[in-house]
Amino acid sequence: MNVRRLIPTAAVAGAVALGLTTLSACSSSDAAEGGSDGKLDVVASFYPMQFLAEEIGGSHVSVTTLTKPGTEPHDLELSPRQTGGLSDADYILFLKGVQPAVDDAVEQAGVKNTVDAAKLTTLENHGSEVGHDHGHEEEGEEHGHEGEHGHEGEEEAGLDPHIWLDPVKYAEVAEGVGKSLEKADPDHAADYRKNTDALVTELNALDKAYETGLKNTSTKTFITTHSAFGYLAERYGLTQEGIAGIDPEAEPSPARIDEIHSVAEESKATTVFFETLASDKTAKTLAKDLGLKTGVLDPLEGITDKSAGADYIEVMKSNLIALQKALGAK
Ligand SMILES: [Zn+2]
């Protein structure tokens, strides 16, 4: 599954043939090139963080994203160059609990303006029985004494990190990001403030559209491959039945599949949702067995030209349409 995030085979073969010991020549788009343009060099961990940094930072920031478009972020591995380059960033925006490799690298980078989006809103435990840990072997013991991230216990407590799929929580994070950018780059504080307000207004409108659009539906239950929509479900009174857990690559147990079968019948669910970045095999098999439709509900963990929209707002709007259809909105 990791093939897509690697550079093309021919380039690797070429580098090997030339006896190069690193691949740095090939990775011009990697993090932290250094800002000679006077812009704040921002490193974002994955798309939902990138979108906030770009929208709020506007023309004053130059944003690089650790997770390349089209790659599934949860199991991201960083190149040595990305890890090393992190410490050159002026500002890092990440979301602790989504990508263990990023969490570790960010902690080691020790950049002063490091913002953990998870701390800008409140996280909850959405109690799915499956796939809750990200396969993260506890390896963080030796860097737990820096004191800056004083919530070691929380991280493994099964908190759901998918806050960006709830426009209200995402707006809270946007506010926090705006404030932290004002602090990091006071010269442009007024612009950050203005951009934050504009984004929050858009997110509020999105929230209203969801609230109205999902008020009257024939069922409240939707089935998804990976349990990314817990906050969204809670916000709009829906029930998410995730086939796999928080990690989209986790294999569901046969017992969970059986459970989904009965849930689907009882709840009159019509659709099994899959997503653009992870395998759709389980969803398609399940839908076929249950005689249900399939649809795309995009967890927005990355964005590509295959996404149902050009940015966060657009994809969230198509998610709303997909949900309305599947739930039988009136
Ligand atoms: Zn996820």
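Modeller: The model is a predicted one. The pair to examine is helix H6, residues 167–184, and helix H7, residues 189–213, whose axes come within 9 Å and cross at roughly 180°. Angles over 145 degrees count as roughly antiparallel, and H6 and H7 are therefore roughly antiparallel to each other.

On the H6 side the contact is made by Pro 167, Val 168, Tyr 170, Ala 171, Ala 174, Glu 175, Gly 178, Leu 181 and Glu 182. These meet a set of residues in H7, namely Ala 189, Tyr 192, Arg 193, Thr 196, Leu 199, Val 200, Leu 203, Leu 206 and Asp 207. Sorted by class, the contact of H6 with H7 has 12 nonpolar, 2 polar and 4 charged residues.

H6 also takes part in a link to another part of the chain. The side chain of Lys 169 forms a salt bridge with that of Glu 124, at 4.0 Å from N to O. Lys 169 lies in helix H6, while Glu 124 sits 45 residues away in the loop between strand E4 (114–116) and helix H5 (152–155). The count of salt bridges comes to 9.

Now the strands. Together with helix H8, residues 230–235, E5 and E6 make a right-handed β-α-β unit.

Conventions. Residues numbered from 1 in each chain as written. Predicted model: local features only at pLDDT ≥ 70, side-chain atom pairs only at ≥ 80, totals over all residues. Heavy atoms only, no water. Axes fitted to C-alpha atoms, helices over the stretch in contact; angles between N-to-C directions. Helix = DSSP H or I, 4+ residues; strand = E, 2+ residues; numbered from the N terminus. Parallel < 35°, antiparallel > 145°, perpendicular 65-115°, else oblique. Contact = heavy atoms within 4.5 Å. Nonpolar A, V, L, I, M, F, W, Y, C, P; charged D, E, K, R; others polar. Right-handed = clockwise from strand over helix to strand, strands pointing away.
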